Amino acid sequence: MTEADVDFAFNFLREEHVAYARTPAPPQNIEGAQAWVTRSVTTPSIVPWVLEDSTGAGAGFINLQNYDPVAGVTEVGFLVVPAARRRGLATKALRAVTEWTFRNLPVHRVYLVHDLTNTGSCKAALASNYATEGILRSARPGPGGIRLDSEIHAITRADFEKGYPIASRGGAE
Ligand SMILES: CC(C)(COP(=O)(O)OP(=O)(O)OC[C@H]1O[C@@H](n2cnc3c(N)ncnc32)[C@H](O)[C@@H]1OP(=O)(O)O)[C@@H](O)C(=O)NCCC(=O)NCCS
C-alpha cells in the first residue's frame, strides 16, 4: 500500500460488506481515507499490501496488524472487492503473506479472526493451514446494538516448517 491508494481505499472501505466486516467506521470523506492510508503505512505494528487484479487495478487489501516482534505474534486481515470474490484471491493472498511473514519476520504465531458467519474467510483460513482454535464470544459490536461472536484461527512456525502450504487441505493454488 502506498499514499497513491487513497481513492481506492475511500471507495472500497465504504462497500457494504467490507464496512460490515470491520469494526472501525469507514472513512466519511477523502481526508479520512488519506488518514487511514497514512496510518497504515507508517504504523510499525501494521504491514499493509494492496491486492491487484491482472490489469493492476485494486482488488483488495491484506495486512499484518497488531504485529508484535517481541512477542513474536501477529494478526492478519484481508478484504476483497465484490467483483474479484470467489476466485481464490483471499486464499492466494493469505498463503503468500503467511509464507512471507514466516520467512521475513521474527514471528512464531499468525492468527486471524472472522465473524462466525463469515464462511469465505473461514474457508480461506482452513485452506491456508490456519487451525481453528475457538470462539470469541461477543467479540465485536454488530448492527442494532447486538454483539457478534468471532472465530479465531492460527498457524504456528512449527506448522509452517512442516511444509507450506499443505495442498491436501484444499483451496486456491
Ligand atoms: C471474505 C472474503 C475476504 C473472501 O474473499 P474471496 O477472494 O472471495 O475468497 P476465496 O475466493 O479465496 O474463497 C475461499 C473459499 O470460500 C468460499 N467463499 C467465498 N465467499 C463465500 C461466501 N460469501 N459464502 C460462502 N462461501 C464463500 C469460496 O467459494 C472458496 O471455497 P472453496 O475453497 O471451497 O472453493 C471476501 O468475501 C470479503 O472481502 N468479504 C467482505 C469483507 C470480509 O468479510 N473480510 C474478512 C474479514 S475476516
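Two residues are in contact if their C-beta atoms, placed from the backbone, lie within 7 Å. By that rule, among contacts in the protein chain between residues at least 6 apart in sequence, 54% join residues at least 24 apart.

Before going on, some ground rules. What you see is a predicted model, where local features need pLDDT of at least 70 and side-chain atom pairs count only at pLDDT 80 or more, while totals for chains, interfaces and linings use all residues. Residues are numbered from 1 along each chain as its sequence is written.

Now the overall fold. The protein chain has six helices and six strands; these are DSSP runs, helices being H or I with at least four residues and strands being E with at least two, numbered from the N terminus. In sequence order the pattern is α-α-α-β-β-β-α-β-α-β-β-α. The radius of gyration, taken over C-alpha atoms, is compared with a globule rule of 2.2 Å times the number of residues to the power 0.38. For this chain it is 16 Å, close to the 16 Å that the rule gives for 173 residues, so the chain is as compact as a globular protein of that length.

Next, the strands. Two strands pair if DSSP finds at least two bridges between them. Strand E6 (residues 147-156) pairs with E4 in the antiparallel sense over seven bridges, and Val113 has Ile152 in E6 as its bridge partner. Strand E5 (residues 131-141) also runs antiparallel to E6, joined by seven bridges. E5 and E6 form a hairpin with five residues between them, and Gly144 in the turn has a positive phi of about 65 degrees.

What about the inside? A residue is buried if 20 or more other C-beta atoms lie within 10 Å of its own, exposed if 12 or fewer, and partly exposed in between, with C-beta atoms placed from the backbone. Buried residues make up 27% of the 173. A nonpolar core is a set of buried Ala, Val, Leu, Ile, Met, Phe, Trp, Tyr and Cys residues joined through C-beta atoms within 7 Å. The largest one has 33 residues, and Leu94 is among those with the most contacts inside it. Leu94 touches Ile62, Val76, Phe78, Ala124 and Ser128, leaving aside residues up to four places away in sequence.

Last, the ligand. How many residues surround the ligand? There are 25, the closest being Ala21, Arg85, Ala90, Gly120 and Lys123; a residue counts if its C-beta atom, placed from the backbone, lies within 6 Å. Helix H5 gives the largest share of this shell, six residues.
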